[in-house]
Amino acid sequence: MGFLLYFKGRLSGLALHVRAESKSYESAIKLSLRITGSHQASVTVIDAYSGAQITRSLGANFGQADCEISLDRFGGWYDLLVTAAEDSTFAYRLAGHVETGRNSVSDPAMGGLLTLKV
């Protein structure tokens with residue numbers, strides 16, 4: 001799995017941890033979202049290729065949630081933006097490609113073949 005990470009902002013009073021993993025030869029990525037601190041957070045994962053959104057509520061004191069995103073439609077490519085309703089300056093972006101062992105294609109957003117939706 002190749003990737004790029006981008007992070008900005010700070011959630012006051014809490015820390016949001018984002019972990020991404022993929023299993024060999026599966027065209028999907030699993031995100032594990034975990035929060036530390038005494039506040040809860042409403043976290044949204046936006047798929048920049050499709051515009052699809054997944055929202056999870058994380059409880060205070062080590063609340064966590066997982067979400068799995070299929071990458072079949074875009075040939076194993078992903079560009080995901082994680083935001084939190086409690087802080088509009090917070091952004092955690094993950095982009096890359098998951099190798100599945102099958103024939104691959106170039107990034108669909110390269111050269112304007114697809115317009116990213118974030």
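This is a predicted model: local features need pLDDT of at least 70, side-chain atom pairs count only at pLDDT 80 or more; totals for chains, interfaces and linings use all residues.
User: Why is β4 called mostly covered?

Analyst: A residue is buried when its relative accessible area is under 20%, exposed when it is over 50%, and partly exposed in between, using a 1.4 Å probe and protein chains only. Six of the seven residues of β4 are buried. Over the chain, buried residues make up 40% of the 118 residues.

User: How many helices and strands does the chain have?

Analyst: Helices are DSSP runs of H or I with at least four residues, strands are runs of E with at least two, and both are numbered from the N terminus. The chain has zero helices and eight strands, which gives β-β-β-β-β-β-β-β along the sequence.

User: What makes the chain as compact as a globular protein of its length?

Analyst: The radius of gyration is taken over C-alpha atoms, and the globule rule is 2.2 Å times the number of residues to the power 0.38. For 118 residues that rule gives 13 Å, and the chain has 15 Å, which is close, so it is as compact as a globular protein of that length. The C-alpha trace spans about 45 × 30 × 20 Å along its principal axes.

User: Which residues touch the most other members of the largest nonpolar core?

Analyst: A nonpolar core is a set of buried Ala, Val, Leu, Ile, Met, Phe, Trp, Tyr and Cys residues joined through side-chain atoms within 4.5 Å. The largest has 22 residues, of which V18, L31, V45, L80, V82 and L94 touch the most other members. At least two residues of this core come from each of β2 (14-21), β3 (28-37), β4 (41-47), β6 (64-70), β7 (77-84) and β8 (87-97). With contact defined as heavy atoms within 4.5 Å, and not counting residues up to four places away in sequence, L31 touches residues including V18, V45, I69, L80, V82 and L94.

User: Why is the aromatic pair of Y49 and F74 called stacked?

Analyst: Rings of Phe, Tyr and Trp (its six-membered ring) pair if their centres lie within 6.5 Å, and planes under 30 degrees apart count as stacked, over 60 as edge-to-face and the rest as tilted. A search of the whole structure finds one aromatic pair. Y49 and F74 lie 5.1 Å apart centre to centre with 25° between the planes, and are stacked. The pair links distant parts of the chain, with Y49 in the loop between β4 and β5 (53-58) and F74 in the loop between β6 and β7, 25 residues apart. Both residues are buried.

User: How do you know that H97 is buried?

Analyst: H97, in strand β8, has a relative accessible area of 8%, so it counts as buried. A polar contact is a pair of N or O atoms within 3.5 Å; within protein, one must be able to donate a hydrogen and the other to accept it, and residues adjacent in sequence count only if both atoms are side-chain atoms. The side chain of H97 makes such a contact with the side chain of E99 at 3.0 Å, and with that of S104 at 3.2 Å.

User: Why does S27 count as buried?

Analyst: S27, in the loop between β2 and β3, counts as buried because its relative accessibility is 11%. The side chain of S27 makes a polar contact of 3.3 Å with the side chain of D72.

User: Does N61 count as buried or exposed, and at what relative accessibility?

Analyst: N61 has 52% relative accessibility, so it counts as exposed. N61 lies in the loop between β5 and β6 and has a positive phi of about 60° although it is not a glycine. F62, found in the loop between β5 and β6, is exposed at a relative accessible area of 54%, and its phi is near 75°.

Key. Residues are numbered from 1 along each chain as its sequence is written. Side-chain values use heavy atoms; hydrogens and water are left out.
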